[in-house]
Amino acid sequence: MAGKFCVALTCAKDNTDRATVAFVVANAALGSGQETLVFLSTEAVRLAETGYADGIHEEGFSPLQELMDS
């Protein structure tokens, strides 16, 4: 499975730091040319709802919605 990368995420508003870092890692994988998948389960599934990530912004990182859009 060379060239493929999967990030598993179980957090959303219950742990915004983990949710943010997961998408930072996913964007880094994309930037390095990896085919990238973000697997959402449990609480993280809520991130698939339109607008749910709005307002989530961990200091030092881009807003979560921007990271997801990337």
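**Core, salt bridge and surface patch**

In this predicted model, the largest nonpolar core has 15 residues, and Leu9, Phe23, Leu47 and Leu64 have the most contacts inside it. A nonpolar core here is a set of buried Ala, Val, Leu, Ile, Met, Phe, Trp, Tyr and Cys residues joined through side-chain atoms within 4.5 Å. Buried is under 20% relative accessible area, exposed is over 50%, and partly exposed lies in between, with a 1.4 Å probe and protein chains only.

At least two residues of this core come from each of β1 (4-9), α1 (16-31) and α2 (64-69). The largest share, four residues, is from α1. Helices (H or I, at least four residues) and strands (E, at least two) are DSSP runs, numbered from the N terminus.

Local features need pLDDT of at least 70, side-chain atom pairs count only at pLDDT 80 or more, totals for chains, interfaces and linings use all residues, and side-chain values use heavy atoms, without hydrogens and water.

Next, charges. The count comes to one salt bridge, meaning a side-chain nitrogen of Lys or Arg within 4 Å of a carboxyl oxygen of Asp or Glu. Arg46 pairs with Glu43, and their closest N and O atoms are 3.0 Å apart. Arg46 is partly exposed at 39% relative accessibility, and Glu43 is partly exposed at 25%.

Last, the surface. Phe5, Val21, Val25 and Phe61 form a nonpolar patch with about 270 Å² of accessible area together. Val25, in helix α1, is partly exposed, with a relative accessible area of 35%. Patch residues have over 30% relative accessible area and no salt bridge; nonpolar side chains (Val, Leu, Ile, Met, Phe, Trp, Tyr) are joined within 5 Å.

Note on methods
Residues numbered from 1 in each chain as written. Patch = residues over 30% accessible without salt bridge, like charges linked within 9 Å, V, L, I, M, F, W, Y side chains within 5 Å. Areas by Shrake-Rupley, 256 points an atom, 1.4 Å probe, with all protein chains shown as cover.
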